[in-house]
Structures are given as C-alpha cells and as structure tokens.
Amino acid sequence: MMNKFALSIACALSLVVSGIQSAFAENVATVGDTVFILDNPASGSPQLIASILNADSTTSPNLCFSGQSSLDLGLGEGILATDITVNNGTAIITTTSTDVPGGVIFRDVSSCIAANSICMATVNGSLLTIPCVQYNNQVLTVVLEQRGNSMNWELTSSPILNDTFAGSKTNKGN
C-alpha cells in the first residue's frame with residue numbers, strides 16, 4: 001500500500017517537474033461554433049485565443065477582441081492560465097497567480113459568441129419552440145405541439161413542413 005502511494009507521488013512530481021499539465025485541466029472551451037483556447041507562451045502574459053469552427057472542421061480566426069483574435073490576459077510573465085469555462089458570455093479562467101483573488105479572472109467574451117450560438121428551447125403551454133435546428137444547410141426554428149396529455153410532440157410549425165422528409169405531414173401517405 002505504501003509503495004503504491006509513493007509511486008503515485010513520484011509520478012505526479014515528475015509530471016509537475018516536466019511541465020505537463022494535469023489531465024483534468026481544460027484549456028479549451030466551446031460555445032456554439034466559437035472555440036476559446038488558453039495560450040501560455042514561453043515569454044509574456046497568457047492569452048485567450050478565439051476561433052470559429054467551420055463546417056469542414058477547420059478553424060478560422062474570430063476577430064472579436066477589437067479586431068484581434070487574441071486577448072492578452074495581463075497576468076505577467078511566468079503566470080499560467082490553466083482552465084477555462086464560458087458561462088453567459090463570460091470566460092472564467094483559473095490561473096497560477098497568487099496576486100489574483102482566488103486565482104480566478106473573468107473576461108467578457110460575449111462579442112465573440114454569435115447570437116445564434118446560444119440556443120434555448122422554450123415551453124409555453126403545450127408548445128415547445130426549438131431554435132437553431134440545422135436542416136439542409138439552413139438553421140431553422142421549429143415548433144412542436146404536445147399531443148394530448150402525453151409526452152409525445154408533433155411538428156406543427158416550421159419551413160420544413162412543406163418538405164418531404166420521412167415522417168413529415170405531407171409525406172404520411174407515401
């Protein structure tokens with residue numbers, strides 16, 4: 001038992017000494033088609049880089065930080081940005097800084113997130129409205145209506161109702 005503990009400590013120390021970050025650290029966050037990456041350069045302050053994920057799985061710069069695709073976090077040399085999460089247009093970034101209260105900084109990234117990147121379905125009575133449905137290379141909003149008191153829903157309003165996809169009202173007899 002003691003040997004396993006000592007081996008675990010030795011492995012952890014070797015990772016720290018070699019500069020490899022913990023497997024639990026996430027230095028990438030995504031919101032819709034926007035990808036945020038924490039970059040810790042060899043010299044200078046860490047930066048937050050924003051990119052747009054394209055349909056072909058490539059990325060292109062998102063020039064959302066006053067015409068730039070990166071934002072200097074102003075932490076100073078030798079301080080690392082370790083983790084990032086984005087919530088309601090705010091990037092929450094943990095750092096190794098002891099000068100930052102709690103080691104956490106907040107940055108407004110709402111200008112990087114396209115309005116259609118945040119989609120939230122709503123329920124109003126027996127209607128379920130679902131925005132941001134991609135169909136035939138279009139982004140649509142669809143409305144489903146609850147059938148009776150069941151948890152079954154039926155597509156009742158959408159530009160795709162006139163299409164002939166399997167299961168559509170216009171294709172029921174085919």
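How many bridges join E7 to E8? Five bridges join these two strands, which run antiparallel, and the views below take up their surroundings in a predicted model.

In this predicted model, local features need a pLDDT of at least 70 and side-chain atom pairs count only at pLDDT 80 or more, whereas totals for chains, interfaces and linings use all residues. Residues are numbered from 1 along each chain as its sequence is written, and side-chain values use heavy atoms, with hydrogens and water left out.

**View 1. The chain as a whole contains one helix and 12 strands.** Helices (H or I, at least four residues) and strands (E, at least two) are DSSP runs, numbered from the N terminus, and along the sequence they follow the pattern α-β-β-β-β-β-β-β-β-β-β-β-β. Of the 174 residues of the chain, 25% count as buried, where buried means under 20% relative accessible area, exposed over 50%, and partly exposed in between (1.4 Å probe, protein chains only). The chain exposes about 11,500 Å², of which carbon and sulfur atoms supply 55%; these areas come from the Shrake-Rupley method with a 1.4 Å probe, and for residues only the protein chains shown count as cover.

**View 2. Strands E6, E7 and E8 form an open sheet in that order, with antiparallel pairing.** E6 and strand E8 (104-108) stand at the edges, each with a single partner strand, so one side of each is left without a neighbour in the sheet. Neighbouring strands of this sheet are turned by 25° against each other on average, direction ignored, with axes taken as lines fitted to C-alpha atoms (for helices over the stretch in contact) and angles running from 0 to 180 degrees between N-to-C directions. Two strands pair if DSSP finds at least two bridges between them, and six bridges join E6 to E7, which run antiparallel. Val86 stands opposite Ala91 in E7, while Ala91 in turn stands opposite Arg107 in E8. The hairpin of E6 and E7 has two residues between the strands, and Asn88 takes a positive phi near 50° there.

**View 3. The largest nonpolar core holds 21 residues.** Such a core is a set of buried Ala, Val, Leu, Ile, Met, Phe, Trp, Tyr and Cys residues joined through side-chain atoms within 4.5 Å. Phe36, Leu48, Leu73, Ile84, Val86, Ile93 and Val109 touch the most other members. Two or more residues each come from strand E1 (28-31), strand E2 (34-39), strand E3 (47-53), strand E6 (81-87) and strand E7 (90-95), and the largest share, three residues, comes from E6.

**View 4. Ile93 and its contacts include Asp83.** Leaving aside neighbours within four places in sequence, Ile93 is in contact (heavy atoms within 4.5 Å) with residues including Leu38, Leu48, Leu73, Ile84, Val104 and Arg107. Asp83, which lies in strand E6, is partly exposed, with a relative accessible area of 27%. The C-alpha atoms of Asp83 and Ile93 are separated by 5.6 Å, although the two residues are 10 residues apart along the chain.

**View 5. A disulfide joins Cys64 to Cys112, with an S to S distance of 2.0 Å.** A disulfide is taken as a pair of cysteine sulfur atoms within 2.5 Å, and by this rule the count comes to one. The pair links distant parts of the chain, 48 residues apart, with Cys64 in the loop between strand E4 (59-61) and strand E5 (70-72) and Cys112 in the loop between E8 and strand E9 (122-124). The torsion about the S-S bond is about 80°, so the disulfide is right-handed. Cys64 counts as buried at 12% relative accessibility, and Cys112 is buried with a relative accessible area of 3%.
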